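Biologist: I have a structure open on my screen and would like to learn how to read it. Could you take me through it feature by feature?

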Amino acid sequence: MRGHIPEDIIEDIKTRANIVEVVSEYVSLKKTGRNFVGLCPFHKEKSPSFTVNPEKQIFYCFGCGEGGNVVTFIMKTNGMTYPEAIRHLAARLGIVIPTRKMTTSEKRYASEREKLTRINTMASAHFSKNFASARGKVARDYVSKRGMDETIIQEFRLGYSFDEWRDLKDYYDRKGVPPGLVEKAGLIIGKDNGQYYDRFRGRLIFPIVDLNGNVIAFGGRVLGKGEPKYLNSPESPVYSKGKTLYGLYQTKDDIRKRDCAIIVEGYVDLVSLWASGIRNVIATLGTALTKNQIELVRRFTRNIVILFDPDEGGRTAVERSLQLFLEEKIHAKVVVLPDDNDPADFVMKFGRETLEDSIEKATSMVDYYIERIIGGRETLEENIDSIGGSISFIARIADPIERNLFIKRVSERLGADQGLLKTEVARLLKTSGRESTVKEPKRRVTKSVDAIELSLIYMMCEYPEKIPRVIGEKTIDYFVTSELRVLAQRLIGSFENGSGRDISDLINEMENDTIKEKLLQMMVGKQPFDEGVIDRVFEDTLKKIRVKWYKNRHKMIKRELARAQEMGDKDLSARLLAEKGKLLKEEQGSSR
Ligand SMILES: [Zn+2]
């Protein structure tokens, strides 16, 4: 249930949430000067470069560039959306968010989802009870043989479904829950004669939970004989397997801390790795990775290691995901386990260190692709085939840097000319409308942020008493970076309304990451100016911004004038000359 959160409540939450307190729950902070520092939760580091500034209520990491305000911090650490983070903070502060009246269909949908989640939670409790009962010994034996202890049973809420047709069905009957709903949750199956029977029978149960910790579905591994070996809940209004990753709720903190997620195929693999001490793991639920799942992981890391069975199915799954990773700019590695070992077997037989070692030495997806798909070709014809295949493949890689790396490796591997490959890829990109040249120059433009304008913005934040002078001088009109001009106008706006704390929000709302990062860096960084000279630096900056603007204008006029004269356009030339004179006069007037 989402619903709209009123603006004034959001303001209240932001004002009352203290970033130092909130961050301290995740990072141990130490005060240094006007900041607090600690080890960054978003990348691996040994000495602290993660900085929190309580005055401006912002954080910034000098190591990895992550930064923002308290809401951003909650979003990033918990993988939450904006409204989820706001609700999380509200709950923490004891602020009640009034619920908006829902439409009838929204109400029906929300209440159905709520009911199904409640039914799933009940089932999970029932399975846990079975697991602990005398008849649950078979499940407990299996679990302890796999090295899973009590903490794992608790953490993953492991359960057991009796090998009976109506154990769960009878349970819901006793609780007065209509079978239609239980069927919708995927827990029982209806027959033509109006009878129902349990879906999960004689299985070790792995509840599947969403990122909020709600049980949304179940997976069951058969104990003893029976088919299939693994059985999952069908899709339901609360569960979509392509949008869920098993274990993420439990492992997200470790994934974030290690800045890496290991992907395995099933829940038994995941829990076995966890038992061995490897905790940054997630499992797909018997499907090839989907775009939605990658988006989920990407909230926590961009580095992925795939650990799959070496069988044909596993291999195809890996190859299919490779394309997705490249499109989504994920750095992926592949570990192919030797001789029919699944990850659970492997870690049981060879131990954690050996597995971690293989992960450390894992081949990058790029090399994996080249070896598996391109490698092993003998004849010239086969090589030409591979080149054709790899060109269309390379053209789908989103990151130009990764793309060039790929081209280089393929050309080395196949002995093809690098320049030729590049041309072919570029041609394909052009025809498919995803031209590489469109992206790269744009990136270069956003990288060049005007340093002088940026320092004026900084001074406006740091010394708001100087803002009236900026207004009086109309300096903002002379900004060349439009995004900075908008930001400066907003700063003036918030100064005029007398709201001081908005700075972190204003910066946070900026869409240009380069500017955002630079500003955050300045805010939490060392004072760039000596207090004693600040007045002079400030006046200097105002002047420089104007001078630069005039210089630009003159350059532009000069260029156009040259073109007009070349084309013999006398009218245009005259107009441009007049403009030049006006500009000169204006400039002299303004410099006084
Ligand atoms: Zn960092």
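Modeller: Gladly. Let us begin with pLDDT, which is the predictor's confidence in each residue, on a scale from 0 to 100. This is a predicted model, in which local features need pLDDT of at least 70 and side-chain atom pairs count only at pLDDT 80 or more, while totals for chains, interfaces and linings use all residues. Residues are numbered from 1 along each chain as its sequence is written.

Biologist: What is the average pLDDT of the protein?

Modeller: The average is 85, and 92% of the residues score at least 70. For the next point you need contacts: two residues are in contact if their C-beta atoms, placed from the backbone, lie within 7 Å. Over residues 435–447 the pLDDT stays under 50, and the model has ten contacts for this stretch beyond four places in sequence.

Biologist: How many helices and strands does the protein have?

Modeller: Helices (H or I, at least four residues) and strands (E, at least two) are DSSP runs, numbered from the N terminus. Here they come to 26 helices and 16 strands. The C-alpha atoms fill a box of roughly 95 × 70 × 50 Å along the principal axes. Among contacts between residues at least 6 apart in sequence, 63% join residues at least 24 apart.

Biologist: Which residues make the contact between α3 and α4?

Modeller: First, the general idea. Two packed helices are described by the angle between their axes and the distance between the axes. Axes are lines fitted to C-alpha atoms, for helices over the stretch in contact, and angles run from 0 to 180 degrees between N-to-C directions. In this structure, α3 (residues 70–78) and α4 (residues 82–93) pack at about 105°, with axes 9 Å apart. That makes α3 roughly perpendicular to α4 (under 35 degrees is roughly parallel, over 145 roughly antiparallel, 65 to 115 roughly perpendicular and the rest oblique). From α3 come Val70, Val71, Ile74, Met75 and Asn78, and from α4 come Tyr82, Ala85, Ile86, His88 and Leu89. These residues divide into eight nonpolar, two polar and no charged. In that count, Ala, Val, Leu, Ile, Met, Phe, Trp, Tyr, Cys and Pro are nonpolar, Asp, Glu, Lys and Arg are charged, and the others, Gly among them, are polar.

Biologist: Now the strands. What is the order of the open sheet of four strands?

Modeller: Two strands pair if DSSP finds at least two bridges between them. The order is β6-β9-β10-β11, with antiparallel pairing. β6 and β11 are the edge strands, each pairing on one side only. From one strand to the next, the twist averages 35°. Between β6 and β9 (residues 203–209) there are three bridges, and glycine 159 stands opposite isoleucine 205 in β9.

Biologist: Are the residues on the two faces of β12 buried or exposed?

Modeller: In a regular strand the side chains alternate between the two faces of the sheet. A residue is buried if 20 or more other C-beta atoms lie within 10 Å of its own, exposed if 12 or fewer, and partly exposed in between, with C-beta atoms placed from the backbone. In β12 (residues 261–264), Ala261 and Ile263 on one side and Ile262 and Val264 on the other are all buried. Strand β12 runs parallel to β14 (residues 303–308), joined by three bridges, and isoleucine 262 stands opposite valine 305 there. β12 also pairs in the parallel sense with β13 (residues 281–283) over three bridges, where isoleucine 263 has isoleucine 282 as its bridge partner. Across the protein, buried residues make up 33% of the 592 residues.

Biologist: Which backbone angles deserve a look?

Modeller: Most residues other than glycine have a negative phi, and most peptide bonds are trans. Arginine 157 has a positive phi near 50° and sits in the loop between α7 (150–155) and β6 (159–161). With 19 C-beta neighbours inside 10 Å, arginine 157 counts as partly exposed. Lysine 474 has a positive phi near 55°, in the loop between α21 (467–473) and α22 (482–496). Lysine 474 is exposed, with 10 other C-beta atoms within 10 Å. The peptide bond from glutamate 227 to proline 228 is cis, with omega near -10°, and proline 228 lies in the loop between β10 (215–222) and β11 (230–232).
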